[in-house]
Amino acid sequence: MLGAVTSGQIADLIGRKGAMRLSAAFCITGWLAVYFSKGPLSLDVGRFSTGYGIGVFSYVVPIFIAEIAPKNLRGGLTTLNQLMIVIGSSVAFLIGTIIPWRALAVTGLVPCIFLFVGLCFIPESPRWLAKVGHHKEFQVALRKLRGKGTDITQEAAEIQIYVETLQSLPKTGILDLFQRKYIRSVIIGVALMVFQQFGGINGISFYASETFASAGLSSGKTGTIAYACVQVPITVVGAMLMDRSGRRPLIMVSATGTFLGCCLAGSSFYLKDHNLLPEWVPILAVAGVLIYIASFSIGMGAVPWVIMSEIFPINIKGVAGSLVVLVNWLGAWAVSYTFNFLMTWSSSGTFFVYSGFSAITVLYVALFVPETKGKTLEEIQACINT
């Protein structure tokens, strides 16, 4: 959460690449501290360092992708971030079952080192370069991203005009986000993160084995492996659909699926509590959780981050992005912390509560969230402010 709070300011101050380098350095330091730990203090330092780095990454990576990508590829490329997260978590889970935790910490170093070195070979965000007045570097970065033979004149002019307009505005702080011209973007970004987290994803995913076991499945580990196997291919499908179906349809279909999955899982525990149809209890629980995960992976996992990276004007992107990422991490903590308490209160009621948030998500997106597919970042701002 601390990383989330400072992520926007860091990315605005030292650039998107600089922020990613800093995050990679924190993660490398953290994993080394975990590997060499001799007691709880060094483990805590390592966890704090990696947590801070991930908090910054969670904001700056989708922002960087959205700022460098052509408008027709922006959604799919931003979704690749979620796909890599899903692949990484699935691989870490599988590797963690066969190697000790110190060795697992070493595997965490590999992507961090690749990223730290790889950043030397990619350009900085052209929009950030234009914002800070590096006009020559802005042209070079945009041309490198679009290819030497591509005419960048119109796109460069649009970015320059938009940045110059924003620079004429006063510097923004957290209270400025509540001005009329910004409030709609802020509400949309915050609301999508609230719905993403309070739909129950972290509770359901972190405690999948326990959920399957409490529903009567003979091996909770088997269900968890199935969970990991479902995530990756469905997230690939979501990435392919992002720039074809649009953000709004994808997130509404996804939320409808999480609603159905929660209802099935809740029904299984309701049947168990009332000793009804015992043979159906584990079937409904596994089906419900897998449908939930598949549905979440196709839209709810990635689309809020894509929209967050698109809807904020560049002059408030740092402050607003930090707020939205902070809300996301607070929600993740709240759901993870309360899941076991809720399951003790009522297993079926827990899933029915999560299904309620999924239903509200569908209604909110249908009524208030604009479609951003196929629009430049500047066109999206014009759409939101009309």
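In this predicted model, Met308 is in contact with Tyr59, Pro62, Ile63, Met193, Val324 and Val325, leaving aside its neighbours within four places in sequence. Met308 also belongs to the largest nonpolar core, a set of 74 residues, where Met308, Val60, Ile204 and Phe312 are those with the most contacts inside it. Helix H2, spanning residues 40-68, gives the most to this core, contributing 10 residues. Apart from this core lies another, of 10 residues, which includes Leu129, Ala130, Leu142 and Val163. In soluble globular proteins, nonpolar side chains tend to be buried together.

Once neighbours within four places in sequence are left aside, its contacts are Arg16, Glu67, Arg127, Trp128, Lys131, Tyr162 and Leu166. With Leu166 the separation along the chain is 148 residues, yet the two C-alpha atoms are separated by 7.5 Å.

The cysteines remain to be considered. A disulfide is a covalent bond between the sulfur atoms of two cysteines. The structure holds 0 disulfides. For Cys120, the nearest cysteine sulfur is that of Cys112, 15 Å away; a disulfide requires sulfur atoms within 2.5 Å, so Cys120 is in no disulfide. Cys120 is exposed, with a relative accessible area of 53%. Cys262 is likewise in no disulfide, and the nearest cysteine sulfur, belonging to Cys263, is 7.2 Å away. Cys262 counts as buried, at 0% relative accessibility.

Definitions and conventions:
Residues numbered from 1 in each chain as written. Predicted model: local features only at pLDDT ≥ 70, side-chain atom pairs only at ≥ 80, totals over all residues. Heavy atoms only, no water. Core = buried A, V, L, I, M, F, W, Y, C linked by side-chain atoms within 4.5 Å. Buried < 20%, exposed > 50% of the residue type's maximum accessible area, 1.4 Å probe, protein only. Helix = DSSP H or I, 4+ residues; strand = E, 2+ residues; numbered from the N terminus. Contact = heavy atoms within 4.5 Å.
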